[in-house]
Amino acid sequence: MSFFSFGQSAEIDIVLNDAETRKKVEHKTEDGKKDKYFLFYDGETVSGKVNITLKNPGKRLEHQGIKIEFIGQIELYYDRGNHHEFVSLVKDLARPGEMTQSQTFDFEFTHVEKPYESYTGQNVKLRYFLRATVSRRLNDISKEMDIVVHTLSTYPELNSSIKMEVGIEDCLHIEFEYNKSKYHLKDVIVGKIYFLLVRIKIKHMEIDIIKRETTGTGPNVYHENDTIAKYEIMDGAPVRGESIPIRLFLAGYEMTPTMRDINKKFSVRYYLNLVLIDEEERRYFKQQEIILWRKGDIVRKSMSHQAAIASQRFEGSASAERALAQAKEDND
Amino acid sequence: MSEPTVADTRRLNSKPQDLTDAYGPPSNFLEIDVYDPQTIGVGRNRFTTYEVRMRTNLPIFKLKESCVRRRYSDFEWLKNELERDSKIVVPPLPGKALKRQLPFRGDEGIFEESFIEERRVGLEQFINRIAGHPLAQNERCLHMFLQEESIDRNYIPGKV
């Protein structure tokens, strides 16, 4: 930041080469607002131009070097000073010297590894961004551009159902079943609750989705629980032998994939909480973890060659290979 | 180009319900009435008792029907026992009404009809809330309160 209006200053602008075709997605910012950012996948190249515009035409801009960085970092809110960078790439754009007029520099970070999904949570933030810097003796001029990264998975080979009998001895026995243990973000939870013994007066039953964000390690572990959804599945008193169906569409809720021990810094896990409430407002519940994963979008004809490579890494299906061939045809 | 797959949302298979279960009496039948207040004694040694009648089919209670007479201080005793021994959050009793027990009131004090009715309702709510609690159902004091003729304050506390 420059407090003096003497001398020269500059404005930095970062523009991606594929800004016209690349998809943008909404992502929550720290203060809860939603903004749109360019979407990248693991392995994709990040390339573009850095435009440096001199504010006072005619005056020179002396600098100690111009560079652009691609950073992936984890920021814990209670420890703001320390950013944990897990990806850090740099490209020098200009050696120390002086600029006499506005200039544009090209850059390319080829096949960048982006191992984790972008995440903005209650106590932790994982973000990827480009940062262009004009170094100067007293104060640097820099500009950041955030991007969002999604991690994709395919249908898991093993996806067993969850089936369990739980209860309070002599009072309440139920058997609950969920059709899978791993669900993608647009999936449907299909299940049922079977009543084996009902000696309490139940008023209604609901299923909640709970997100648990865990930060810190060892003795300083902190869990932040957030109820994402409450969905009533039964109203009224059940008796023995009754079966209550569950059909819960996940696409309507804002969720992320399950993130386990990311860079040893944080985890985001999801749980289904089955809650029975009796006539005196007493609550009986059983929590069960589910794994959430992100499915790649339908491969479209107009998809870029790069994105087709990225989706092939994860889809591995005949349709993706076809799309790859198609995209190559289009681009050739 | 791949077709979007539609998720299979059909219900999971379940056992058909036995008709005797579906239409039979529920296994959670528990009703407790607090009624028929009677004021016993004369002058300063008067007190009010209430009939506590219980009907249930829960196996944990020895008697399927019972009828006993209890006074307010018996309910207080039960509340204290449960607060000490059980892990439940015991609901509140209707008030002690100490002000009503002071002399020189214009009315009958704690033997006023409207007050007795208010207290009766509160005691009924209290006992129904407790008796339905799975953790309170284990306590000897609750069973003694509901199903034994008189309360033995020197009993040995414990679980059923």
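Visitor: What should I know about the model before I start?

Guide: This is a predicted model, in which local features need pLDDT of at least 70 and side-chain atom pairs count only at pLDDT 80 or more, while totals for chains, interfaces and linings use all residues. Residues are numbered from 1 along each chain as its sequence is written, chains are lettered from A and ligands numbered from 1 in the order in which they are written, and side-chain values use heavy atoms, with hydrogens and water left out.

Visitor: How many helices and strands in chain A?

Guide: Chain A has 2 helices and 22 strands. Both are DSSP runs numbered from the N terminus: helices are H or I with at least four residues, strands are E with at least two.

Visitor: And how much of chain A is buried?

Guide: Of its 332 residues, 48% count as buried. Buried means under 20% relative accessible area, exposed over 50%, and partly exposed in between (1.4 Å probe, protein chains only).

Visitor: What is the strand order in the open sheet of 4 strands?

Guide: The order is S13-S14-S16-S19 in chain A, with antiparallel pairing. Two strands pair if DSSP finds at least two bridges between them. At the edges are S13 (162-168) and S19 (243-249) of chain A, each pairing on one side only.

Visitor: How many bridges join S16 to S19 there?

Guide: 7 bridges join S16 (residues 188-198) of chain A to S19(A). A:Ile193 is the residue opposite A:Ile244 in S19(A).

Visitor: Switching topic. Where is A:Thr45, and is it buried or exposed?

Guide: A:Thr45 is in the loop between strand S3 (34-40) and strand S4 (46-54) of chain A. A:Thr45 counts as buried, at 9% relative accessibility. Its side chain reaches the backbone nitrogen of A:His111 at 2.9 Å.

Visitor: How many salt bridges between chain B and chain A?

Guide: The count is 2. A salt bridge is a side-chain nitrogen of Lys or Arg within 4 Å of a carboxyl oxygen of Asp or Glu. B:Asp21 and A:Arg240 form a salt bridge at 3.1 Å, N to O.

Visitor: What about salt bridges over all chains?

Guide: The structure holds 40. In one of them, A:Arg80 pairs with A:Glu30, the closest N and O atoms being 2.6 Å apart. These two residues are 50 apart, A:Arg80 in the loop between S6 (65-76) and S7 (83-94) of chain A, and A:Glu30 in the loop between S2 (24-28) and S3 of chain A. A:Arg80 is partly exposed at 38% relative accessible area, and A:Glu30 is partly exposed at 36%.

Visitor: Which residue pairs with B:Glu124 in a salt bridge?

Guide: B:Arg120 does, at 3.5 Å, N to O. Both lie in helix H3 of chain B, 4 residues apart, about one turn of the helix. B:Glu124 counts as partly exposed at 22% relative accessibility, whereas B:Arg120 is buried at 15%.

Conventions
A polar contact is a pair of N or O atoms within 3.5 Å; within protein, one must be able to donate a hydrogen and the other to accept it, and residues adjacent in sequence count only if both atoms are side-chain atoms.
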